[in-house]
Amino acid sequence: MTTDPGLQPERTRLAWRRTLLALTVVTVLTVRLALTGDAIGAVLAGVAISGWAAALALCWGRAVGSGPMRGTSRTMPVVALAALGQAAVGVLLTARGLW
C-alpha cells in the first residue's frame, strides 16, 4: 500500500475548516439567544464571540492552507478551550430549546 503525502495536508485543512464552522454555528446561535433580551444570553454571547475570535485568529492560516500544518504550543490549548467552551454553550442552548 502506498501513501500519498499530498492528502494529509488537505485532510488537515478540512478538519480546521470543520472546527471553525462548528464554532461559528454555536456562536451564531448564542448571539440569537442574546437577541431575546436575556442577560444570561448576552454573557454567553460575549464568551462565545471571544472564544470564536481567538480560535479564528489562530486557525485561519491552517484552514486556508497558508499557515503551518503543525500546531504551535499555544494553538492547540486555546482551540481546545474554545471548543470546550462552545460545546458547553451549545448544551446550554439546547437545554433552553433554542435552535
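Predicted model: local features only at pLDDT ≥ 70, side-chain atom pairs only at ≥ 80, totals over all residues.
1. Residues are numbered from 1 along each chain as its sequence is written, and side-chain values use heavy atoms, with hydrogens and water left out.

2. Helices (H or I, at least four residues) and strands (E, at least two) are DSSP runs, numbered from the N terminus.

3. As for the surface, the chain exposes about 6400 Å², with carbon and sulfur atoms supplying 69% of that. The areas come from the Shrake-Rupley method with a 1.4 Å probe, and for residues only the protein chains shown count as cover. Of the 99 residues, 25% count as buried; buried means under 20% relative accessible area, exposed over 50%, and partly exposed in between (1.4 Å probe, protein chains only).

4. Helix α1 covers residues 7-34, so 28 residues. Its first and last C-alpha atoms are 41 Å apart, close to the 40 Å expected at 1.5 Å a residue (the expected span is 1.5 Å times one less than the number of residues). Buried along α1 are Trp16, Leu20, Leu23, Val26, Thr27, Thr30 and Leu33.

5. Which residues make up the largest nonpolar core? Five of them: Trp16, Leu20, Cys59, Ala63 and Val79. The elements giving two or more residues to this core are α1 and α2 (39-64). By nonpolar core I mean a set of buried Ala, Val, Leu, Ile, Met, Phe, Trp, Tyr and Cys residues joined through side-chain atoms within 4.5 Å. Leaving aside residues up to four places away in sequence, Ala63 touches Arg13, Trp16, Arg17 and Leu20.

6. Over in helix α3 (residues 75-96), have a look at Thr75. Is Thr75 buried or exposed? Thr75 is buried, because its relative accessible area is 2%. Its C-alpha lies 9.5 Å from that of Ala54, 21 residues apart along the chain.

7. Gly85 also belongs to helix α3. With a relative accessible area of 31%, Gly85 counts as partly exposed.

Technical notes:
Contact = heavy atoms within 4.5 Å.
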